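Work through the exercises below with the sequence and the model side by side, and try each task before reading its solution.

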Amino acid sequence: MNNQINIHNIWAIAKRELINYFATPVAYVFLVIYLALSGVFTFYLGGFYERGQADLQSFFNFHPWLYLLLIPALSMRLWSEERKTGTIELLMTLPISIVDAVVGKFLAAWCFTGVALVLTFPIWISVNYLGDPDNLVIFASYIGSFLMAGSYLAVGSCISAVTKNQVIAFIVGVVLCLAFVLTGFPIVLDFFKGWLPHFIVDAISYLSFLTHFNATMKGIMDFRDIFFFISFIACWMFANAVLVDMKKAD
Amino acid sequence: MIEVSNLRKEFGNFVAVDDISLNVNQGEVLGFLGPNGAGKSTTMKMITGFLAPTAGTIKVCGHDVAEDPIAAKTVIGYLPEGAPAYPDMKPLAFLNFIAEIRGFRGTDKQQRIDAAIDKTNLGSVIHKPIDTLSKGFKRRVGIAQAILHDPKVLVMDEPTDGLDPNQKHEVRELIRAMAQEKSIIISTHILEEVHAVCNRAIIIAQGRLLFNGTPVELETRSRYHNAVNMVLATAKPGETANALQSIANVSQVEMHTLPDGLVRYTLLPDSGKSIIKEASRYALEHGLDIKELGLEAGRLDEVFRTITTATGDQREALT
């Protein structure tokens with residue numbers, strides 16, 4: 001595998017991917033569903049008004065679940081489509097490294113989720129209009145949410161490199177991401193506590209998105225949480241590159 | 001410019017390419033011939049750096065494909081089998097992407113894209129999504145991306161497959177026009193194509209290189225090389241056939257009855273001999289009623305069949 005990284009190539013690949021999102025209805029469907037669902041979750045399920053508090057807890061609380069459904073749908077085509085249509089042969093015979101391609105595709109999808117996240121700004125305006133929230137906490141939550149979205153994407157992108165079938169990529173992606181969400185739940189951790197050594201339970205809990213996302217939601221921008229998400233993304237992207245190299249010609 | 005030595009590729013227990021060595025110099029157009037599944041595409045995929053060989057080395061313009069793939073890929077233009085391209089993209093955006101990856105910027109990029117569109121006559125479809133294009137246009141989009149950076153080495157897997165005769169002609173003209181300053185490898189099922197564009201041909205079957213020479217040499221292998229075709233009006237076809245058989249150096253006479261009392265005789269020469277003079281002299285001296293007289297260069301499809309279906313022992317004798 002070739003590990004040279006070239007910014008120009010990454011940019012060219014990311015740009016192509018992004019243009020492609022908007023060339024098809026995918027981008028618009030995703031954005032509309034994302035915004036509609038986050039509205040429904042916040043106002044109906046989260047009880048935004050009923051809580052009577054000027055914060056966005058009810059908005060961010062549902063992000064792990066929203067991403068669980070939507071992000072694998074975004075990442076499933078990243079590599080499986082290339083393999084299905086045979087364009088992977090074209091891409092991999094261009095003078096780029098596999099890392100360029102993996103990073104470029106990932107960044108395109110991540111930017112896109114960033115756009116979706118930014119488009120939720122009306123809810124931030126609303127809460128500022130209605131009360132006097134702690135905007136630093138909201139900002140930290142947004143960063144945490146963005147990093148968490150990247151982690152979901154890294155898992156999904158890696159899975160999509162394994163199969164030509166987008167449906168399989170979606171389902172396996174959802175299940176894996178679900179695992180990384182659930183391991184942060186007290187109920188799940190209690191189940192492990194009965195028979196696993198303490199440090200393994202801690203490790204399981206450490207690997208959960210929820211543990212780190214909840215920390216950022218409290219407004220604490222801890223370096224360790226950011227480090228977790230960044231290294232989590234890097235590990236999955238490395239696995240992604242290895243898998244693309246292994247499976248490209250199957 | 002392309003040096004392939006002792007190339008081997010295994011998929012599990014299956015040997016797809018078995019000890020193939022070949023060289024392609026500048027100005028050469030090499031045709032890959034062989035039945036389906038013979039290892040043509042696999043060899044091309046290894047030359048272009050898509051697949052890693054199990055053993056053997058490939059050098060393209062001095063760059064080892066395994067050690068410095070990016071340098072090698074920079075000088076190669078590649079049209080993969082079936083000309084894959086992003087279906088949702090429009091040809092202009094697609095070529096723009098290729099040009100950016102190839103490192104072109106600004107006006108240089110624009111000129112390269114325009115030149116590629118011009119050479120492949122894509123002008124009328126550059127704003128239509130690729131998946132709505134006809135097979136011929138899709139193929140041309142693939143060719144356009146392969147020649148965009150004016151590569152020294154061009155590898156094209158079945159560039160004319162599925163095209164109509166006019167489109168085939170255009171693609172062949174394009175290849176011929178570029179042949180001078182490049183090294184080109186094309187694979188094809190169409191044997192006449194070898195004659196039309198290639199100055200060298202190789203035949204691969206079951207992963208092994210069975211023939212490496214010029215198209216003319218390939219024809220020389222044919223039993224029909226220098227055979228004489230005669231269409232005669234004759235009342236007694238059988239006797240005429242026996243008479244023709246007696247001409248010097250004629251090894252065999254094939255007879256084929258045509259309508260209107262005409263008979264086509266194909267006179268096969270002893271190997272390496274020319275019989276056209278003797279045959280025509282005989283026909284004049286004996287006052288045969290000749291309607292047609294012609295010389296055959298050789299039948300490529302027959303040679304192709306002989307070479308690719310030969311058993312192991314026969315194959316040793318051929319190579």
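Predicted model: local features only at pLDDT ≥ 70, side-chain atom pairs only at ≥ 80, totals over all residues.

Residues are numbered from 1 along each chain as its sequence is written, chains are lettered from A and ligands numbered from 1 in the order in which they are written, and side-chain values use heavy atoms, with hydrogens and water left out.

**Exercise 1.** Describe the contact between chain A and chain B by residues and by buried area.

Solution. Next take the buried area, the accessible area (1.4 Å probe) lost by two parts on being put together, summed over both; here about 2,500 Å² is buried, with carbon and sulfur atoms giving 66%. Within chain A, the greatest losses to chain B fall on A:E89, A:L90 and A:P95, which together make up 26% of what that side buries.

**Exercise 2.** Which salt bridge involves A:E89?

Solution. Apply the rule, a side-chain nitrogen of Lys or Arg within 4 Å of a carboxyl oxygen of Asp or Glu, which finds two salt bridges across the interface of chain A and chain B. A:E89 pairs with B:K45, and their closest N and O atoms lie 3.9 Å apart.

**Exercise 3.** Which residues form the nonpolar patch on the surface?

Solution. The patch consists of A:L35, A:V115, A:L119, A:F121, A:W124 and A:I125, with about 480 Å² of accessible area together (Shrake-Rupley method, 1.4 Å probe, only the protein chains shown counting as cover). Its members each have over 30% relative accessible area and no salt bridge, nonpolar side chains being joined within 5 Å. Then assign elements (helices are DSSP runs of H or I, at least four residues, numbered from the N terminus): helix 8 of chain A, residues 121-130, gives the most, three residues, whereas A:V115 belongs to helix 7 of chain A, residues 98-118.

Definitions and conventions: Contact = heavy atoms within 4.5 Å. Patch = residues over 30% accessible without salt bridge, like charges linked within 9 Å, V, L, I, M, F, W, Y side chains within 5 Å. Helix = DSSP H or I, 4+ residues; strand = E, 2+ residues; numbered from the N terminus.
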